[in-house]
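Please read the following report alongside the sequence and the coordinates.

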Amino acid sequence: MSASPPAPDTNPDTNPDTNPGTNPGTDPETAAGPAVPSSPWQLVRRELRRRASVTVSLVIIGLFLVMAAAAPLLSALGGRSPDAFDKSAVDPYLGGMPIGPLGGISAAHWLGVEPVTGRDLFARVVHGAQVSLLIALSATAIVVVAGTLTGIAAGYFGGRTDAVLSRLMDLTMSFPSLIFMIAMMSVAKDVNRILLMTAVIGLFGWPGIARVVRGQTLSLKHREYVDAARVGGSGPWRILTRDILPGVAGPVIAYTTLIIPGMIATEAALSYLGVGVRPPTSSWGQMIAASVAFYDTDPMYFVIPSACLFLTVLAFTLLGDALRDILDPRGGRA
Amino acid sequence: MNKRTSTAFAVSLATALALGAAGCSGTNSADGRGRNPALAHQGAAIGGTPKRGGTLTVLSNQDFDHLDPARNWVMNTMDFGTRLLYRTLVTYQAAPGTKGGRLVPDLATDLGTSSNGAKTWTFHLKKGVRYEDGTPVTAQDIKYNVERSFSPDLPGGSDYAARYLAGADGYKGPADGKHLDSIKTPDDRTLVFELRKPFAEFPNATVMPTFAPVPQKRDTGPRYDNRPFSSGPYKIASYERGTRLVLVRNPHWDPRTDAVRKAYPDRLVVVMGLKPNQIDDRMIADQGADASAVPWYALRPESAAKVLSNAEARRRLLAESMNCTDMVQMDTGRAPFDNVTVRQAVQYALDKDAILTASGGPAFNDPSTAYMPAALFGGRQPDTLKIPATGAPAKARRLLKEAGKPDGFATEITVSSGDKGRAEAIQESLAKVGIKVTINTVDPSAFYATIGDTKNRTPLVYTGWCPDYASGSTFLPFVFDGRYIKEKGNTGNHSLFRDRPTMRRMDEIAAMTDARRANEAWQRLDGEILAKAPAVPVLVRRWPLVVGGNIAGAYGQTSYGGQLDYATVGLKDPSKSQS
Amino acid sequence: MILYTLRRLAAVIGVLIAVAAVTFLIFYVLPSDPAAAACGKSCSAERLAAIRAHMGLDQPLWRQFWDFLSGIFTGRTLGSGHYALRCHVPCLGYSYENSEAVWDLLMNRLPVSASLALGAAVLWLALGLSAGVVAALRKDTLTDRVLMVGAVGAASLPVYFTSMMLIYGLIRVAGLLPYPAYVPFGDDPARWASNLLLPWLALALLYAAMYARQSRSSMIEAMAEPYIRTARAKGLPRRTVVVKHGLRTGMTPILTLFGMDLGGLLAGAVITESIFGLPGIGQLFYGALSSGDQPVILGVTLLAATFIVVANLAVDLLYAVVDPRVRL
């Protein structure tokens, strides 16, 4: 809702279904894509391999994921813990500026040190990746699961269920989400910050995907093969899992990839505003917030977490674009 | 820090014997590299004598807490309010260095006369002092404002009136028509205060904005905060909360009645809500209209490097000592800090050097080895424990083992949000000996309410205390006397330290008649308490300000924690300021 | 159409009440006590109780909520005795921090946030749409590639980074612009614009990138619609087809987006305001939050929600005008 790449519900990138699903007057059919190809996954893989941007983004994403997963290992390799001060690396008489060029990059500190404390930037970036990606990915998981379930329920059962769920989606989307997230983060004090942040971000993200899935379900519901299954005596559970779920999987996957950047950005925004993780935990948003004051005196300190954030968001966006083109061609026929 | 300076350090009953430069002069600077570059203007004014006219701009990141004189009890806001908008019975002399602590009459003709063994105090008002509408200031108006300070609708102000006036128990302000009998106004220009106990330093209390005049017919209750009625050299032209305050001359202020305020600029504009680091950058760059600007708040520690490495900016730098000791106070009433050995372990584990760096480095802070600031030791704090400034973790671990906690323990600390960097340094040095600290940051506005709640507060708090004047009696009893502990709204004694021998000794010293002997006794007691380790003294801050190049008459007022003295600041060349 | 509008308006009010209720609930469990904060340094239990009563905090939750809601429409009197405050319609209460009416505070700050949002919106629409349309019309050419790669890149840049680079480049090094500080439009339009230019740029860059991507794909989609193909086949000039038909169809999804984005931004771009130190609604909210100033927090969330739902409503009504396919 603000200057951060907006929360997922308003982010065009994250919403392949930009047809006016919000508008009760429009035909839901326009919001839905055609059926996916018969042997979709091989096709997808072939298509993906064709694109250079996909390879690059997959490498970047892979790199950061490995970095996040192996954070303790990597920082052990660097020989520094993310919380340990190193007073020999900063000059107290200069307000704690790192000693040496490029923010104190040296054999001891591969990416330099944090001014004032002398904490190792490499260790902090790596641990920050862990926190940032953990929050973004778990929040995405919450959003996708909740959104898909509500979307299918609303689309398939229709009637009152649909009416109630659709109102709920409208209501959730009417909340000024960033403002509420900040409020909730600052109110809750004695809870696990990472867990709370995941939950809070997830809370406001689900209606977007629910709408996509609802539209898709509506269009699939009356396809011949679904009707055939119904006539053949399949129960709703079987139809949902066998026929509908695979049908919505394509757009959901594309959508998922595209909302991840929004999630990462939201985590960064909350940490930037000082309602995110608690010290001494690092996250990319926290690091950027702390480094802004040093952007001219110690540019490396500012550039490093910013670059990490940029690369990750870029990689997920490129990958998502490609996936959308392939899996949900109508949403992004471009 | 913000209000923390503010509220805790607000109690500024400094007497003639001001602390200021006396204690923490350049020779005592911590750096050991010789002269501290930040102290070039110690005890002196920058820019010579100002010329009359022009607009002085104040760049601020925040709004004032309360400009209502009944509610204004924050050091730098008291400076602003009493120097510009309202006059008090007595005030501080407008002068750099130690002279800034001298009391001079303001609305009153003298510093007050006492009778009845210092239980009755009489003040006479000067003639010809007028409000912004031309009506005269009367004794009844001062009485009315003192009464207002009792109103539950107008919280936040100093409680000296409540503490000392006779018959004040249960009084709830003048809103429902009740008045205090212990303040008498025999005529329009005479005030008589009846106190419940002798108080020889009562004139020191009358510098508080509580003793400024508010005419009853102008009182708008809580909303008076947004438009105080002026008796000083300026009046409010417009005040948009959190955005902008514009002051213009009060044409009815008569400089012949006022020996303190110079009122050089024609206008003052306070621009609020700016980004703190952008204020620092603008003040250092000193371009265009910013040359006629001053910062409201002290330089951020992050900006220290930019100023210290810039000779031109250093020429415009003030860094008066705040004369308040920052301490880590431990809840001595609860485990594990009820064990003196555990507390000593903390004393040895703390890396004051790292906290100092987080605070802007040795140029803007002096490390503290005793509770009372240097001024109360005649200029230099003793170092009785001889703990290295970087801490002694090995000894701390030994002490923890001795206390039966070889693996340390987990605890929590509450700090004001501006102290987060300092808290991280505390966290890290305690982690080295196995004490795992969780940091609770609290907004400055809620900080004192949070740590004053003795039942629900965290075991550790980081806060400071300022002596009211150069006597141990205004420091040690406030911080370490267990009889002053309150369940809610507790102040000073955040260690909840209830040590019988200490309290007995305090009573003995208070009864001493020889001031010199008493002073030495306080100094000895400081060391005795330090050995029992209810709190760890950490550092004494300075109040660094970089003023614009067109600013003149600027110095840090020692009685207001080093804040710029708004009585005398002005412009070198008024034509260069933006109108 | 009228019936539809009325029904939607009713829904808007329902949503706003729900938002207010949720905000109330969140802050009812707030651990910090606004009365204690107001009471200050040496606070006796007696004084605290009096302050709580004055703030109305001694009432049950539903009562506080009801007083708040009815106050919006009827006004209310806060406190009692000599210092009672009459809060006029629309009464959102008084700030605990500075005793100003919340409505006045909001209206003081709104011009800042509105200037920021509207100025940035003009910029991003101009930049984003033109880039998107050009890229769509030159699909798969080098121009298209360059524009789209640029857009993905710009959309991925953290706004903190862009902002600081703009500050460094345009203020510190080039000295072209002043440090942003809000100057009311009425005081000096030129200084208003020059002070806001940087925040506009920072905000617009991000949104322009997203709008370029979006408008490109909707344009391509629109140009493939059968009736547009028919129009072109009929031999209408390309320009007419693009402007009259393509844009009209292609812009409908952009409209939805724009409504939501603008609605959200009007009530305060928290981060941009924080980076540039602009005293807008976002800053007001952030300050109120840290000091537990509940009436202000409630006021801002309500205002923000109002902007969002009203923007959505406006967008839906506009569809009927813009998109020939939509009938309400």
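## Basis

This is a predicted model, in which local features need pLDDT of at least 70 and side-chain atom pairs count only at pLDDT 80 or more, while totals for chains, interfaces and linings use all residues. Residues are numbered from 1 along each chain as its sequence is written, and chains are lettered from A and ligands numbered from 1 in the order in which they are written.

## Chain B overall

Chain B has 17 helices and 21 strands; helices (H or I, at least four residues) and strands (E, at least two) are DSSP runs, numbered from the N terminus. Its radius of gyration is 23 Å, close to the 25 Å that the globule rule gives for 579 residues, so chain B is as compact as a globular protein of that length. The radius is taken over C-alpha atoms, and the globule rule is 2.2 Å times the number of residues to the power 0.38. The C-alpha trace of chain B spans about 70 × 55 × 40 Å along its principal axes.

Of the 579 residues in chain B, 63% are buried. A residue is buried if 20 or more other C-beta atoms lie within 10 Å of its own, exposed if 12 or fewer, and partly exposed in between, with C-beta atoms placed from the backbone. Among contacts in chain B with a separation of 6 or more, 75% are between residues 24 or more positions apart; two residues are in contact if their C-beta atoms, placed from the backbone, lie within 7 Å.

## Local features of chain B

Helix α3 of chain B, residues 75-85, is mostly covered, with 11 of its 11 residues buried. Among them are Met75(B), Asp79(B), Phe80(B), Arg83(B) and Leu85(B).

Leu496(B) is in the loop between α15 (476-480) and α16 (500-510) of chain B, and counts as buried because it has 20 C-beta neighbours inside 10 Å. Ala533(B) is in the loop between α17 (515-532) and β17 (535-546) of chain B; it has 22 C-beta neighbours inside 10 Å and so counts as buried.

Pro136(B) lies in the loop between β5 (120-124) and α4 (139-148) of chain B. With 17 C-beta neighbours inside 10 Å, Pro136(B) counts as partly exposed. Apart from neighbours within four places in sequence, Pro136(B) is in contact with Val129(B) and Arg130(B). From Pro136(B) to Leu67(B) the separation is 69 residues in sequence and 21 Å in space, C-alpha to C-alpha.

## Chain C overall

Chain C contains 13 helices and 2 strands. Its C-alpha trace spans about 85 × 60 × 35 Å along the principal axes. Buried residues account for 52% of the 328 residues of chain C. Of the contacts in chain C between residues at least 6 apart in sequence, 65% join residues at least 24 apart.

## Helix pair α5 and α10 in chain C

Helix α5 (residues 102-137) of chain C packs against helix α10 (residues 238-266) of chain C at an angle of about 150 degrees, with the axes 11 Å apart. That makes α5(C) roughly antiparallel to α10(C). Axes are lines fitted to C-alpha atoms, for helices over the stretch in contact, and angles run from 0 to 180 degrees between N-to-C directions. Angles under 35 degrees count as roughly parallel, over 145 as roughly antiparallel, 65 to 115 as roughly perpendicular and the rest as oblique.

The crossing of α5(C) and α10(C) is right-handed; a crossing is left-handed if the near helix is turned anticlockwise from the far one by less than a right angle, and right-handed if clockwise. On α5(C) the contact involves Ser113(C), Ala114(C), Ala117(C), Ala121(C) and Leu137(C), and on α10(C) Val242(C), Leu262(C), Leu265(C) and Leu266(C). These residues comprise 8 nonpolar, 1 polar and no charged. Ala, Val, Leu, Ile, Met, Phe, Trp, Tyr, Cys and Pro count as nonpolar, Asp, Glu, Lys and Arg as charged, and the others, Gly among them, as polar.

## Helix pair α11 and α12 in chain A

In chain A, α11(A) and helix α12 (residues 299-327) pack at an angle of about 150 degrees, with their axes 9 Å apart. The two helices, α11(A) and α12(A), are therefore roughly antiparallel. Their crossing is left-handed. Trp284(A), Met287(A), Ile288(A) and Ser291(A) of α11(A) meet residues of α12(A) including Tyr301(A), Phe302(A), Pro305(A) and Leu309(A). The contact of α11(A) with α12(A) has 8 nonpolar residues, 2 polar and no charged.

## Cis peptide bonds

The bond from Pro279(A) to Pro280(A) is cis, with omega near 5 degrees, and Pro280(A) lies in the loop between α10 (236-272) and α11 (284-291) of chain A. Val89(C) and Pro90(C) are also joined by a cis peptide bond, with omega about -5 degrees. Pro90(C) is in the loop between β2 (85-87) and α5 of chain C.
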